Amino acid sequence: MCLGGCFAISIQPTCPAELAVGESGSIAANEIDPGAIPTYRWTVSPTSGGTFANASSATTTFTALQSGNVVLSLTASDGIFQVMSLCTTVVTGPSAVAVSLTASVNPATIDQAVTLTCTSTGDTPATTFVIQQSSGPSISLIQNGDGVVTLTPAVTGAPQFQCIGRSDDGQSSTPASLTLTVNETAPDTGGGGRR
């Protein structure tokens, strides 16, 4: 109970505006009012975006591991009140891992086999690939090697797929997306068909 009035913990976290992959920078809670017994927890989104020297410290170091925008969130508590705030760092660098995803045929038709191929396109080679469906009616993917899958759509639509590549040193690419247009089986063109 606060007889003289309670003052909630207040923070204004800061982080580097830009880092290169593999580079570290200082991040800080910048407490306006730390409260009586402050505790802190830093998290990063995506989780593969980087690591903290000490995720429970008000001031620590963040090391960027993946190119793109990473959001650093800080949750602070003083034992009574809890607040969360965030800041964004743009991660760049020549060592970025990048991939592209292509289809052997697009548009396709129902019951037509389609091969999806994910290839490395960045300065740092991707050596492993994960291809998965991200939307649309579920389609079975048959693995035909690293970065290659085959599928056979059973219904019309526009299912979406994505590939994420990973380098030998653990860097992940941003997802490469592909939309596959699936039409009805091509009609028989014989016979003209005038009314």
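**A colleague's note on an all-strand chain with two disulfides**

1. Let me start in the sheet: strand S12 (residues 114–120) pairs with strand S15 (residues 148–151) in the antiparallel sense, over 4 bridges. Within this pairing, Leu116 has Val149 of S15 as its bridge partner. Please keep in mind that the model is predicted.

2. Next, the sheet around that pair. S12 and S15 belong to an open sheet of 4 strands, with antiparallel pairing and the order S10-S12-S15-S14. Strand S10 (99–103) and strand S14 (142–143) each have a single partner strand, so they stand at the edges and one side of each has no neighbour in the sheet. If you are inspecting the model on screen, the order S10-S12-S15-S14 gives you a way to read across this sheet.

3. Now for the chain as a whole. The secondary structure comes to 0 helices and 18 strands. The chain has 195 residues, and buried residues make up 35% of them. Among contacts with a separation of 6 or more, 56% are between residues 24 or more positions apart. The chain exposes about 10700 Å², and 52% of that area is supplied by carbon and sulfur atoms.

4. How many disulfides does a search of the whole structure find? The search finds 2. Cys15 and Cys87 are both buried.

5. The sheet comes back into the story with the other bond. Cys118 is joined to Cys163 by a disulfide with an S to S distance of 2.0 Å. The torsion about the S-S bond of Cys118 and Cys163 is about -90°, so this disulfide is left-handed. Because Cys118 lies in strand S12 and Cys163 in strand S16 (residues 160–166), the pair ties together parts that are 45 residues apart in sequence. Cys118 has a relative accessible area of 4% and is buried. Cys163 is buried as well, with a relative accessible area of 0%.

6. On to the aromatic residues. The structure holds 2 aromatic pairs. In one of them, the rings of Phe52 and Phe62 have their centres 5.3 Å apart and their planes at 50°, so the pair counts as tilted. Phe52 and Phe62 are both buried. Together with Trp42, these two residues form one aromatic cluster.

7. A serine deserves a look alongside that cluster. Where is Ser57 found? Ser57 is in the loop between S6 and S7. A polar atom of the Ser57 side chain lies 2.7 Å from the backbone oxygen of Thr59. Leaving aside neighbours within four places in sequence, Ser57 is in contact with Tyr40 and Trp42. Trp42 is also a member of the aromatic cluster with Phe52 and Phe62.

8. The bond from Ser45 to Pro46 is cis, with omega near 0°. Pro46 lies in the loop between strand S5 (39–45) and S6. Asn106 and Pro107 are also joined by a cis peptide bond, with omega about 10°. Pro107 is found in the loop between S10 and strand S11 (108–109).

9. Finally, two backbone torsions. Asn30 is not a glycine, yet it has a positive phi of about 50°. Asn30 lies in the loop between strand S3 (24–28) and strand S4 (31–33), and with a relative accessible area of 34% it is partly exposed. Asp111 is not a glycine either, and its phi is positive at about 70°. Asp111 lies in the loop between S11 and S12. Is Asp111 buried or exposed? At 60% relative accessibility, Asp111 counts as exposed.

Note on methods. Residues are numbered from 1 along each chain as its sequence is written. This is a predicted model: local features need pLDDT of at least 70, side-chain atom pairs count only at pLDDT 80 or more; totals for chains, interfaces and linings use all residues. Side-chain values use heavy atoms; hydrogens and water are left out. Two strands pair if DSSP finds at least two bridges between them. Rings of Phe, Tyr and Trp (its six-membered ring) pair if their centres lie within 6.5 Å; planes under 30 degrees apart count as stacked, over 60 as edge-to-face and the rest as tilted. Buried means under 20% relative accessible area, exposed over 50%, partly exposed in between (1.4 Å probe, protein chains only). A polar contact is a pair of N or O atoms within 3.5 Å; within protein, one must be able to donate a hydrogen and the other to accept it, and residues adjacent in sequence count only if both atoms are side-chain atoms. Contact means heavy atoms within 4.5 Å. A disulfide is a pair of cysteine sulfur atoms within 2.5 Å. Accessible areas come from the Shrake-Rupley method with a 1.4 Å probe; for residues, only the protein chains shown count as cover.
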